[in-house]
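Q: I have just opened this one and would like a walk through it. Could we take it step by step?

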Amino acid sequence: MTTTYHPLVKRLLDGELSLAELPPELRAEGEEALRLVAAVDRTPVTLSPALEQRVMAAVRRRAASPGNRAWRWLNTPRDVELRLRVRPWTVWAGALAAAAVLALLLGRHAPAPEPGFGTQARSAARDSVFVRFVLYAPGARRVAVAGTFNQWDRGAALLVPAGTSGVWTTTLALPVGQHQYAFVVDGARWVVDPAAPAVDDGFGRRNSVVAVTVQGAHL
Amino acid sequence: MGVLLGLEGEATDAEVVRAVLAGDVERYAVLVRRYRDRYARYASRMLGSRDVAEDAVQDALVRAFDRLADCREPDKFAGWLFLILRNRCFAEKRRRQRQERPLDSTDEMFAAPDRPDGEYEQVERAHALERALQHLTPEQREVFVLKHTEGLAYEEIAGITGATVASLKMRMHRAYDRLRDLMRAHL
Amino acid sequence: MRTIGLVFTLVLGSTLTGALSAQDVRAQLDRRVSPEVQRAVQVIAADAAAQGLPVDPLVQKAIEGAAKGVPGDRVIAAVRVLAGRLGQSMAAVREAGVAAPGGDVVEGGADALNAGLTGRQVSDLVRVSRPPHDPALTLRVAATLAALGVPSKQTLALLQGLISDGRSPSDLLGLPGQVQAGVARGATPAQAAAGLARAAGGAPPGRLPDWVPPGQRKPRNPHKP
C-alpha cells in the first residue's frame, strides 16, 4: 500500500497551488500526482447517430397512444405562446462545402470573390483582415456579432439586412489571431454560427471560433 | 477561401419545450440533437463503458420527454436533463455492482507494460486511470470526473450534487489516494 | 477565494510575456463587470501573471461572462478554470522543451486542453512543430479539429502525419474546413479525419484532396424498451 498524498499535493491537484509553490521536498510527489491527473482522457464522446432515431421513435410511440394517462399533457389544450420565428435549419449545401472556418488574407493569390456568399476577406491594414459575417435570421429585429475582437459588446457590430431575404450581414476588420464570437439576435439571444466549430465557453454555452492569419507573414 | 455563414436554426430550450408541450412533439428532436453528446463523456466515465453510457443517455432523454410537464424552468432544461441522467447513472451503477463478480487480481489488471516506450506508456496510463476510476465509489468517481474530466469548479459541483464543497474535497482527496494506490505501477 | 498572493516563481524563470499590468486589468474590467467579479479576477490574474501566464484571456473571459448575463460566481469559477488550464498548458509546453513560451502558444495549449486534448498530446504537438511550423498555430488547429468532434488521438495523428510529410502550415489551416465538408456529406468527424489522413499519404503538396465518405454504417441494436 503506497502512502497517501501530502495535503499540499492534494491542493495542487485541486488547482489551488502550483507546482512551484510546493516545498522542494514535495516536488517529485507533486509531479507524480500531476502525471496522474494528466492521464485523464477528456476526449469528447460521440454517441451513435442512431440514438436520435431511437429516442424519437419512443417519443412518437408515446404520442400515438392518447389514452395513456402519463401523456395526457400532450392532449390538454394549453395556453402557450408559440413564437414560431425560427425556421427549420436550411443548409445551403454549396456554401457549406466551400466553408472553411479560417479566413485567410488573400494577397497576390486572391481568387475573384464569389457572388452571393463567397468569401470577402481582403487586407484591411497590415495586421488585420476584413471578414464578412452572414446570418440568416428572418423575423429578427436586430442582429449583432459579439466576440473577443470587440470585447463581447452586443452593440458594437450590428449586422444590416441584405435585401428582404432574411439575411443579415456585416464586414469587420479583425486582427490576426484566434477569435471567439457569437451572434446576438434581438439583443438577448446568443446564437452560435452553425457552420463554424463551436467550443465550450465555460458558462454552459458555446462560442464559434475563427482563426485569422496573414499568409506568408506569421508562418 | 473562407466563408462565415451563420444560419438561424437554434431556438432556445425554453421555446422548444413550450412547443413540445403544446403538441409539436417532433420538435423534441431539437433537444435530443442538442444534448445527445453533451453529457456523453460524463456518462461514459461514470459507467465505464460508452455502450452502457449510450443506453443511459437514451433512457434519460426519453424519460425527460415523459416528465416534460414537470420541467418547471424550461430554460434550465439542460441542467434538469443532467439530473435525470445522473440519477440513471447512479441507479445503473448500483444495479451492476450487485451483479459484479469480485476481481481476480488487481495486479494483473493494472500491470505496467514492460517496454517503457513514451507514447505507449502514456496511452497505458490513460487506460489504467479509466479502469481505476471504476474502483472508486460512485460519489468519488463523480467528483473526480466532474472536476478533472468536465472541468467544473468545486462550487459548481456542489450546486449539482447538493454536497458541500468541504465534503466534496474530502471525497476527492480520498479518491486521489485510492487512485495513487491503483495506479502505482504507472506513475 | 484563492489565498495565494503574488508568488515570485524564480525557480521557473517566469517571464511576464507581454502580460497586462494590474492597472490594465482594472481598467479593462472597470464598469464591464461587477465589483465582486473585478476583485476576484484581479487576484486570479495577478497569480497567473506571477506564473508567467497570459492574463488577457482571463480578462476577456470575465468580460464575456458579464456581457452574457452570467451570474458573478459562475464567471469567477470559469475564469479560475481557465487560469488552471493556462497553467496546465504552460507545463505541457515546457515539457516539450520550450523554456519561455509566448502567450499565444500557452493560449493555444489551453484551447486544445479545453477541447479535450491531454497535456501529453499538447506537448507532442509542440514538439513536432519545428519551423516553419508555429506551435501556436498547430495547437489552434488541433483545438478546432477536436471542437469539431475529431477524437483527440486522431487529431494528433493527423497533424503529426501532415507535418512529417512536409506539409505547409496553410495545409494544416485548411483541415477544419475539410473535416466540416466531409461531415456535411454525411461522415462523422472521425471518419472525415481518417479519410483526410489516408488521402494525404502520397498526395503532392498543395491542397489536400477532399475525401468522400463511405456508405451507411450498420445500424445498432434496436432500443430495448
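This is a predicted model: local features need pLDDT of at least 70, side-chain atom pairs count only at pLDDT 80 or more; totals for chains, interfaces and linings use all residues.

Q: How much of chain A is made up of buried residues?
A: Of the 219 residues in chain A, 39% are buried.

Q: What about contacts in chain A, how many join residues at least 24 apart?
A: If you take the contacts between residues at least 6 apart in sequence, 52% of them join residues at least 24 apart.

Q: Let's look at a strand. Is β7(A) mostly covered or mostly open?
A: Strand β7, residues 177–185 of chain A, is mostly covered, with eight of its nine residues buried.

Q: Which way does β4(A) run against β7(A)?
A: Strand β4, residues 143–147 of chain A, runs antiparallel to β7(A), and five bridges join the two. Within that pairing, Val145(A) has Phe183(A) of β7(A) as its bridge partner.

Q: And what does Phe183(A) stand opposite in β8(A)?
A: There, Phe183(A) stands opposite Val191(A), and β7(A) pairs with strand β8, residues 189–191 of chain A, in the antiparallel sense over three bridges.

Q: How many residues lie between the strands in that hairpin of β7(A) and β8(A)?
A: Three residues lie between the strands, and in this hairpin Asp186(A) takes a positive phi near 55°.

Q: Which way do β5(A) and β6(A) pair?
A: Strand β5, residues 160–161, and strand β6, residues 167–175, both of chain A, pair in the antiparallel sense over two bridges. Pro161(A) has Trp168(A) in β6(A) as its bridge partner, while the hairpin has five residues between the strands and Gly163(A) takes a positive phi near 75°.

Q: Switching to chain B, which residues of helix α1(B) are buried?
A: In helix α1, residues 13–21 of chain B, the buried residues are Asp13(B), Glu15(B), Val16(B), Val17(B), Ala19(B) and Val20(B).

Q: What covers those buried residues of α1(B)?
A: The cover includes α2 (28–35) and α5 (77–99) of chain B.

Q: Last one, what follows α1(B)?
A: Gly23(B) follows α1(B), and the phi of Gly23(B) is positive, near 120°.

Technical notes: Residues are numbered from 1 along each chain as its sequence is written. Chains are lettered from A and ligands numbered from 1 in the order in which they are written. A residue is buried if 20 or more other C-beta atoms lie within 10 Å of its own, exposed if 12 or fewer, and partly exposed in between; C-beta atoms are placed from the backbone. Helices (H or I, at least four residues) and strands (E, at least two) are DSSP runs, numbered from the N terminus. Two residues are in contact if their C-beta atoms, placed from the backbone, lie within 7 Å. Two strands pair if DSSP finds at least two bridges between them.
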